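Here is a guided look around a protein model for someone meeting it for the first time. Have a look at the sequence and the fold, then read on.

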Amino acid sequence: MSERAACFQNYLLMAMIVLIVTFVTSGKGATPAINLDVSHTNDPTTPSGLLVVNCSVDANLTDMVTVASLTVFGSKPYGNQGEFDELALVDMWSQSPKLTSDLEDADVVISGKTGPENDSHSYLAMSWNSPTPGYRQYYKCVANGLDHQRQGVSIATTVKIEILNGGCCEKMDSIDSQLREVTEKVGNTCTAKTAAALTGQVKNLHSKIEALDSKIEGEIEALASKLETFQQNQNLHFKMMAIDKGSFDVSDISKGRVYLASKAQAAFNIGAANQACKSSGGHLVEFDDDEEYQFVYDFATRTGGANTFWTGANDIEREGHFVYFNSKKPVPTLTAWSSGQPDNADGSEDCIEIRLTFGLNDWICSQTGKFVCEVELY
Ligand SMILES: [Ca+2]
Ligand SMILES: [Ca+2]
């Protein structure tokens, strides 16, 4: 049982009996010393417990020095306060409490005694199975006796009892149950709605964060690309600045490279020529393929001023084994060779020229011509 339900049940138990006590005293200058207790005991052996009526008089507290009799009256169920039937009596002569009226369905337990002779305390007590719920009745207890002057005196007190209708309890139980059900439903609904709303918001946030991530990533990539371009441009700018344009004609940019053709014709010295290329940030030209050869041939043709343009290719070290002077890499197979070349004519042709009127050819290394460098810009 929940704490709330237990509290609710306690409330019901407390509400079960409403006692309205009215003291009706009579006699001369009497101090109210008569007590009528009507209580409802929660006896588990009966469906509704026991109804206990206990009337008592303490002669020490009143001028009734002799309690002659105690009588308990009860109204008819749902009757008025003024319409009482006598229910039980105990007097000083018999000292034997007795029922003076039938109690419906009553299995009455009764006890009592009167008079100051044995005990200053007089009482008349009764108990029987509790009436059914919805019961309402008045009880009255009357004590008759003598005061100090041996004059007759009577005191009385009245109590009203109501046992609330059990239907009320059932209704309240039902209401409580429904209330709990509604509370749970509201709670569950709210929880579910709140959870759904939160989940939606979290998803929305995730989505926004992902979009933001993606955007930032894109912007970073764009910036990186720009930076790379900027660095390339800067590199290119510095490399172009480093070219000795007084000594070389410069080609267009092709695949990140430019080619330089020496302006002066002179007897070729492959080592000196490579060094001159290095001074401008490059080295003697090295063809990776026919396409590169063709680009350089076209550049040389446009530049003119000579028929021979020396390259970095040579077989100085080992006859017939062509390598590039700067990188020492082997010269790849090229289709650009002039017909019948290389032929190592006279056994002394170890350097490779682009002869504009002839094509790619091996020739004597010291012959006059221009030479071609290549510069990697980025
Ligand atoms: Ca040769
Ligand atoms: Ca030749």
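This is a predicted model: local features need pLDDT of at least 70, side-chain atom pairs count only at pLDDT 80 or more; totals for chains, interfaces and linings use all residues.

A residue is called buried here if 20 or more other C-beta atoms lie within 10 Å of its own, exposed if 12 or fewer do, and partly exposed in between.

Among contacts with a separation of 6 or more, 63% link residues 24 or more positions apart.

**The cores**

The largest nonpolar core has 32 residues, and the ones that touch the most other members are Tyr 259, Leu 260, Val 372 and Cys 373. Two or more residues each come from β12 (257–262), α3 (270–279), α4 (290–303), β15 (308–314), β17 (351–355), β18 (359–363) and β19 (368–376). Apart from this one lies another core of 30 residues, including Ala 88, Val 90, Cys 141 and Ile 155.

Leu 260 is a handy place to start exploring. Leaving out residues up to four places away in sequence, Leu 260 touches a list that includes Ile 243, Phe 248, Cys 277, Val 372 and Cys 373.

Now follow β19. Seven of its nine residues are buried, so β19 is largely enclosed by the rest of the structure.

| Strand | Sense of pairing with β19 | Bridges |
|---|---|---|
| β12 | antiparallel | five |
| β13 (266–267) | antiparallel | two |
| β14 (283–284) | antiparallel | two |
| β15 | parallel | two |

His 283 pairs with Glu 374, and Trp 310 stands opposite Phe 371.

Ser 262 sits in strand β12. Is Ser 262 buried or exposed? It has 25 other C-beta atoms within 10 Å, so Ser 262 is buried. Setting aside residues up to four places away in sequence, Ser 262 touches Ser 247, Phe 248, Lys 370 and Phe 371. Lys 245 is 17 residues away from Ser 262 along the chain, with 9.4 Å between their C-alpha atoms.

**Two helices with two faces**

An α-helix has 3.6 residues a turn, so residues three or four places apart point the same way.

In α3, the buried residues are Ile 270, Ala 273, Ala 276 and Cys 277. Looking down the axis of α3, you'd see these buried residues fall within an arc of 120 degrees, so they line one face of the helix. They pack against β12, β14, β15, β17 and β19. The face of α3 turned away from the buried side carries the exposed residues Gly 271, Ala 272 and Gln 275. After α3 comes Gly 281, with a positive phi near 90 degrees.

α4 has 14 residues and reaches 20 Å from its first C-alpha to its last, close to the 20 Å expected at 1.5 Å a residue. Which residues of α4 are buried? They are Glu 292, Tyr 293, Val 296, Phe 299, Ala 300 and Thr 303. Viewed down the axis of α4, the buried residues fall within an arc of 125 degrees, so these too line one face of the helix. The cover over them includes β11 (248–250), β12, β15, β17, β18 and β19. Turned away from that buried side are the exposed residues Glu 291, Gln 294, Asp 298, Thr 301 and Arg 302. α4 is followed by Gly 304, whose phi is positive, near 65 degrees.

**Backbone details in the loops**

A few loop residues are worth a stop. Pro 342 is in the loop between β16 (323–324) and β17. The peptide bond leading from Gln 341 to Pro 342 is cis, with omega near -5 degrees.

Gln 95 isn't a glycine, yet its phi is positive, near 55 degrees. You'll find Gln 95 in the loop between β5 (84–91) and β6 (98–99). With 13 other C-beta atoms within 10 Å, Gln 95 is partly exposed.

Lys 255 is another non-glycine residue with a positive phi, near 50 degrees. Its place is in the loop between β11 and β12. Lys 255 has 10 C-beta neighbours inside 10 Å, so it counts as exposed.

Terms used:
Residues are numbered from 1 along each chain as its sequence is written. Chains are lettered from A and ligands numbered from 1 in the order in which they are written. A nonpolar core is a set of buried Ala, Val, Leu, Ile, Met, Phe, Trp, Tyr and Cys residues joined through C-beta atoms within 7 Å. Helices (H or I, at least four residues) and strands (E, at least two) are DSSP runs, numbered from the N terminus. Two residues are in contact if their C-beta atoms, placed from the backbone, lie within 7 Å. The arc is that of the directions from the helix axis to the C-beta atoms. The expected span of a helix is 1.5 Å times one less than its number of residues. Two strands pair if DSSP finds at least two bridges between them.
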